[in-house]
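Trainee: I would like to go through this model and ask what stands behind each label.
Mentor: Go ahead; each label will be set against its definition.

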Amino acid sequence: MSFWEYANPRRFMGLSDRLMPPLFLLSGICLAVGLIWGFFFTPDDFRQGSTVKIIYLHVPSAMMAINVWIMMLVTSLVWLIRRHHVSVLAAKAAAPIGITMTLMALFTGAIWGQPMWGTFWAWDPRLTSFLILFLFYLGYVALWSAIEDPDTAADLTSILCLVGSVFALLSRYAVNFWNQGLHQGASLSLDAEENISDVFWFPLLVCITGFVLLFVALVLLRTRTEIRSRRLHAISLRERAA
Amino acid sequence: MIRLLTRDLRLAIRAGGGFGLAVAFFLIVSILVPFGVGPDRATLAPVAAGILWVGALLACLLSLDRIFATDHEDGSLELLATSPVPLEALVAVKALAHWLTTGLPLTLAAPLFGVFLSLPPSGMPWLIASLAIGTPALSMIGAFGAALTVGLKRGGLLLSILVLPLYVPTLIFGADTVRRGIEDLGPMTPLTLLAGITLGAIALLPFAGAGVLRVNLR
């Protein structure tokens, strides 16, 4: 069994059919446990009060916003190199989820920023690079929907994703250069001496796991929808020809 | 290739080619901004560098869809693609022609508009240097975007959505060069980074542009 076998849509459908229910169930359990634990059974921070609890939505969605783009980059590369059809459909399916995650990170950050920083928005490097990431997602989705021929669209969006990744990385460091940050540094690094306290860390970990599982399940679901709509399209073409 | 360049230049200079379009747009921006924010030197001077750079970027964006779209419509793009000139060179030459008709006139006209916006004299050489070094990157990135959207009926809006985030690093380093030049804070750092972006774009983007052109002409 290898990854390449799932270039065959039927095999992919078979596998994802079996995988999806447990994935949705697990992610639901993780999110429910993590969020309830985080919102109701953790102490308030001594300086931030209860606003600290938005971390359980903000941090996982921000992490996913970046990771979804990386996943799209990998699947686009797989498409360009091996013409793996399911791979590029997965990239297409993941993009709107990435947009949602980016928006969620921006919104929860704004809600937290108003009482803490005294402003909804600041031109801080992290915030700005997320806004730019949002624009990249928007362009990617817009290009997909603008082109009719699916293979042309797949090729063009994959190359856009490649070029966009380089420029997204460039922008990430360019905005650091451009303005000093208001956002705190990384609070989850494995090698840092001062991280967030374990009381907040464990529910957060559960939430992150839940978000990852939810993302995988949603991508599978959306990829299946894409494959089905392709099949429908093929059937209707065949009927019109007959 | 030289013949292709002269052909593009001639097409751009003749009526309707949009040679003056970029400069005219730049002129409009630098005349309208003082009306908008007020004629006071103290308010204009600090934002002059940024406005000039944003104006240059938008003026460049305005003429992007002409790079490939007109050639695609009348079919000459297919002919060019079947000619012995490699597609990568075609993209590079097209970007060069675009730069010669937008970036270069903008760079030459920028000091004049800098005076309009009361840019401090100490920033003037940095403005010219940053525009001269940065606008080739704008043209090259734009040529990639134009190649990406060439097959679409109304690709104009999509083109600007796609290209805008790609322009961010160039804009940041370009405007920062002028700002640091005025305050004498070591403008060479952003200027060299800007040059790095331009060189990287010229080295790599012709291949990406040729790749998407091949897909679009398939």
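**Labels and their cut-offs**

Mentor: Start with S118(B), which sits in the loop between α6 (87-116) and α7 of chain B; helices (H or I, at least four residues) and strands (E, at least two) are DSSP runs, numbered from the N terminus. Residues are numbered from 1 along each chain as its sequence is written, while chains are lettered from A and ligands numbered from 1 in the order in which they are written. This is a predicted model, where local features need pLDDT of at least 70 and side-chain atom pairs count only at pLDDT 80 or more, while totals for chains, interfaces and linings use all residues.

Trainee: Why is S118(B) called partly exposed?
Mentor: A residue is buried if 20 or more other C-beta atoms, placed from the backbone, lie within 10 Å of its own, exposed if 12 or fewer, and partly exposed in between. S118(B) has 17 C-beta neighbours inside 10 Å, so it counts as partly exposed. S118(B) also has a positive phi of about 45° although it is not a glycine.

Trainee: What is the phi of R83(A), and where is R83(A) found?
Mentor: The phi of R83(A), not a glycine, is positive at about 50°. R83(A) lies in the loop between α2 and α3 (85-117) of chain A. With 13 other C-beta atoms within 10 Å, R83(A) is therefore partly exposed.

Trainee: What makes I70(A) exposed?
Mentor: I70(A) counts as exposed because it has 11 C-beta neighbours inside 10 Å. I70(A) belongs to helix α2 (residues 55-82) of chain A. Its C-alpha atom is separated by 22 Å from that of E5(A), 65 residues apart along the chain.

Trainee: Why is D65(B) called buried?
Mentor: D65(B) has 22 other C-beta atoms within 10 Å, so it is buried. D65(B) is in the loop between α3 (41-62) and α4 (69-73) of chain B.

Trainee: Which residues does D65(B) touch?
Mentor: Two residues are in contact if their C-beta atoms, placed from the backbone, lie within 7 Å. Not counting residues up to four places away in sequence, D65(B) touches A146(B), G155(B), G156(B) and L159(B).

Trainee: What makes chain B as compact as a globular protein of its length?
Mentor: Chain B has nine helices and zero strands. Its radius of gyration, taken over C-alpha atoms, is set against the globule rule, 2.2 Å times the number of residues to the power 0.38. The value is 18 Å, close to the 17 Å that the rule gives for 218 residues, so chain B is as compact as a globular protein of that length. Of those 218 residues, 52% count as buried.

Trainee: How many residues of chain A are in contact with chain B?
Mentor: On chain A there are 21, and they meet 20 residues of chain B. The largest share of this side of chain A, 13 residues, comes from α5(A).

Trainee: Where in chain B is confidence lowest, and where highest?
Mentor: pLDDT is the predictor's confidence in each residue, from 0 to 100. Helix α1 (residues 2-13) of chain B is lowest at a mean of 75, and helix α7 (residues 124-148) of chain B is highest at 90. The mean for chain B is 84. For the complex, the predictor gives an ipTM of 0.83 and a pTM of 0.85.
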